[in-house]
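Have the model open while you read.

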Amino acid sequence: MQDARQDGITAMGAVDLAAAIRGRIVSCAEVMRAYLERIHRINPRVNALVGLADDAALLREAEAADAALARGDDVGPLHGFPLAVKDLDPVRGLRFTQGSPIFADRVADTDSIMVTRLRAAGAIFIGKTNIPEFGLGSHSFNPVYGATGNAYDPDKTGGGSSGGAAVAVALRMQPVADGSDHAGSLRNPPAFNNCYGLRPSWGRIPAEAKDVFSPNLGVLGAIGRTPGDIGLMLSVLAGYDPRCPNAIRQDPSAFASPLARDFRGTRIAWLGDCGGQIPFDRGVLDVGRAALATFAEIGCIVEEATPRYDMERLWEDWLVLRALTVAANLRPFYDEPRHRALLKPEAAWEVERGLALGADRIIAALEGRTRWYETLRRFMEAYDYVVMPSAQVFPFDKALRWPETVGGHAMDTYHRWMQITIPATMSGLPALAVPAGFGEAGLPTGIQIVGPNHGELACLQLGAAYDAASSWGRRFPPPLH
């Protein structure tokens, strides 16, 4: 029988755990033992955490963290936290595969900017969270580690590309997690696992890139069991870095402050299926629409409204920019025949499309992105937030590569079923994924709160009020234990 104190430790949210460690209510060694026990018991059933570090070494690090507290050392906000990092970022001394057989045996010898900040904040790195190969797609499977199962049904997908992260957080195998999002990777997985995920504005969290001057479609973010837990993580990860000249210059400590706020009279637009332009499987929209009642309960005014814009045109522009990005990153492997043979077909397809692009089409797509931002900006002059579903399908069989039909519509690409996440991606606006409820089969889905430019705090505040009123994660925890 599992120890009740250990179970109580892993049940704490990140904010409460940080306070308990700093107040010496629990020791870092106790925390590490509690999480390792739960990981060894549950992770083999879902495969969310991969490349795990040695237990004895982790316990020694936790004991050293306790010794620092005993000496009265100044410690960071994540002191003693067991954290696994998404396997798209290097952590010194841990395997760094990116889900690719090309790098199956690689061990990182440096930390990324993000990992450097986590380490300075006191995190103890226990391993990696699983992803799709090179983070491509919203289903975390790869030839190195295999597939990640859902927290509510291990035979279904946990989503991606931050799938391992969302499943690990939902199943209390780590208190909070980093993630990244290009096309829903911090929104689909939380929807599939009944937890929260924040896609910040570009520049909020600095990250290495071959081109640090052009606004990227991909951003770093966080996954937690509450918006407050994400706020704590964001207070560590955000902030200017001179290696990223367009990083936002703003004190990130505000994200860890209390999120309580009065939302009476706040205006919210529900986009739904964008006026019938985006297909959904049966039941997904119904669950999302039912969740809108929670916003009304806290005093918001919710209206169904959609910006006048051709979502197919937006999708086509995104396809161009996506292919351009992937080709820039993966061309060295594509150009090497022995490496090309190891790329999954979807990766090779993206590279080939990217290499075939002409300057005129790239410029047109960039201008299209600007038109969409301006359309949404003007639309939001009448609304404080827009809300839309985080996913078009419920979690599907993890043996599938991707859904080939959605709502009776054939999917023409491996990521078309994630189209509902593209409006927020292309706008550059922050989006907080929140739980919305469960379908007839007992599987979760979610909605995303899109805020104004650089409005991460506003998203977290509305998310916190929504969480207090709905309590989806607390009322309906995963059945695995």
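1. Start with Trp270, which sits opposite Val387 in strand 11. Strand 9 (residues 267-270) and strand 11 (residues 385-389) run parallel and are joined by 3 bridges. Helices (H or I, at least four residues) and strands (E, at least two) are DSSP runs numbered from the N terminus, and two strands pair if DSSP finds at least two bridges between them.

2. Before going on, the ground rules: this is a predicted model, where local features need pLDDT of at least 70, side-chain atom pairs count only at pLDDT 80 or more, and totals for chains, interfaces and linings use all residues. Residues are numbered from 1 along each chain as its sequence is written, and side-chain values use heavy atoms, with hydrogens and water left out.

3. Strand 9 also pairs with strand 10, in the parallel sense and over 4 bridges. Ile268 has Val302 in strand 10 as its bridge partner. Between these two strands the chain passes through helix 9 (residues 284-297), and the β-α-β crossover is right-handed (with the strands pointing away from the viewer, the path from the first strand over the helix to the second runs clockwise).

4. Zoom out and you get an open sheet of 8 strands, order 6-8-7-14-15-11-9-10, with mixed pairing. Strand 6 (177-181) and strand 10 (301-304) are at the edges with a single partner strand each, so one side of each has no neighbour in the sheet. From one strand to the next the twist averages 30° (axes are lines fitted to C-alpha atoms, for helices over the stretch in contact; angles run from 0 to 180 degrees between N-to-C directions).

5. Which residues touch the most other members of the largest nonpolar core? Phe81, Leu118 and Phe295 do, out of 130 residues. A core here is a set of buried Ala, Val, Leu, Ile, Met, Phe, Trp, Tyr and Cys residues joined through side-chain atoms within 4.5 Å; buried means under 20% relative accessible area, exposed over 50%, partly exposed in between (1.4 Å probe, protein chains only). Leaving aside neighbours within four places in sequence, the contacts (heavy atoms within 4.5 Å) of Phe81 include Ala14, Ala18 and Leu232.

6. Those names come back where helix 2 (residues 14-22) meets helix 8 (residues 227-237): Ala14, Val15 and Ala18 touch Gly228, Asp229 and Leu232. The two axes come within 7 Å and cross at roughly 60°.

7. Finally, look at Arg172, in the loop between helix 6 (163-170) and strand 6. Arg172 counts as buried, at 18% relative accessibility. Among its contacts beyond four places in sequence are Asp7, Tyr35, Arg38 and Arg225.
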